[in-house]
Amino acid sequence: MYAILETGGKQYRVSEGDVITVEKIPGEAGDAVEFDKVLLLSNDGDVKVGSPYIEGAKISGEIVETGKGKKIIVFKYKSKKDYRRKQGHRQPFTAVEITSLTGEKVAGKARKESAPVEEDSVVEKQDAQEETKVNMNMKKEELIAVATEQGIEVDPKATKAEIIEMIENASK
């Protein structure tokens with residue numbers, strides 16, 4: 001069983017017993033921590049994905065240690081201008097051991113079935129999609145021919161987009 005959680009603006013893949021290093025969390029070593037921003041929960045191949053988070057899912061952990069990361073050097077420099085600035089930075093972190101993953105059973109939940117769709121609206125949508133596909137893929141001469149068949153007068157100097165717009169306006 002594993003989960004993907006979000007904390008400190010980052011996402012982590014965790015399972016029970018893992019020790020992860022996250023952005024600084026208030027607390028000291030030995031304190032309990034609970035993460036409720038669970039994005040994904042997987043249990044033996046059954047996957048539940050949240051939108052954006054899974055309701056009722058929690059990940060419990062225990063703070064192992066807090067500290068500062070490795071020092072990085074920030075050096076600003078401009079050539080020929082006698083400008084140099086050197087600054088160090090150590091990012092604070094918290095190491096957390098994951099003790100448990102809890103949430104609704106993934107396999108036990110039935111997926112929502114969508115409401116039945118009326119057949120007429122489906123046919124209309126398909127016709128509209130086919131019409132737009134044809135219009136977008138046609139050459140200018142073919143568009144002029146389609147427009148004249150529908151009884152629309154088209155200026156030969158009109159652009160392809162203008163002709164398509166005339167046809168769409170006439171069909172409405």
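Tutor: The chain holds 3 helices and 10 strands. This is a predicted model. Read from the N terminus, the order of elements is β-β-β-β-β-β-β-β-β-β-α-α-α.

Student: Why is K68 called exposed?

Tutor: The relative accessible area of K68 is 53%. Exposed means over 50%, so K68 is exposed at 53%. K68 belongs to strand β7, which covers residues 58-68.

Student: What about K71, buried or exposed?

Tutor: K71 has a relative accessible area of 52%. The cut-off for exposed is over 50%, so K71 counts as exposed. K71 sits in the loop between β7 and β8.

Student: Why is F75 called partly exposed?

Tutor: F75 has a relative accessible area of 48%. Buried would need a value under 20% and exposed one over 50%, so 48% places F75 in between, as partly exposed. F75 is part of strand β8.

Student: And why is S42 called buried?

Tutor: The relative accessibility of S42 is 5%. Buried means under 20%, so S42 is buried. S42 is in strand β5, residues 38-43. Leaving out residues up to four places away in sequence, S42 touches M1, Y2 and V47.

Student: How much of the chain is buried?

Tutor: Of the 172 residues in the chain, 23% are buried.

Student: Which residues is K68 in contact with, apart from its neighbours within four places in sequence?

Tutor: They are R90, Q91, P92 and F93. Contact means heavy atoms within 4.5 Å, so K68 has heavy atoms within that distance of each of these residues.

Student: What share of the contacts with a separation of 6 or more comes from residues 24 or more positions apart?

Tutor: That share is 59% in this chain.

Student: Which residues form the nonpolar patch on the surface?

Tutor: I73, F75 and Y77 form that patch, with about 330 Å² of accessible area together. Ile, Phe and Tyr are on the list of nonpolar side chains. F75, at 48%, is over the 30% that a patch residue needs.

Methods. Residues are numbered from 1 along each chain as its sequence is written. This is a predicted model: local features need pLDDT of at least 70, side-chain atom pairs count only at pLDDT 80 or more; totals for chains, interfaces and linings use all residues. Side-chain values use heavy atoms; hydrogens and water are left out. Helices (H or I, at least four residues) and strands (E, at least two) are DSSP runs, numbered from the N terminus. Buried means under 20% relative accessible area, exposed over 50%, partly exposed in between (1.4 Å probe, protein chains only). Patches are made of residues with over 30% relative accessible area and no salt bridge: like charges are joined within 9 Å, nonpolar side chains (Val, Leu, Ile, Met, Phe, Trp, Tyr) within 5 Å. Accessible areas come from the Shrake-Rupley method with a 1.4 Å probe; for residues, only the protein chains shown count as cover. A salt bridge is a side-chain nitrogen of Lys or Arg within 4 Å of a carboxyl oxygen of Asp or Glu.
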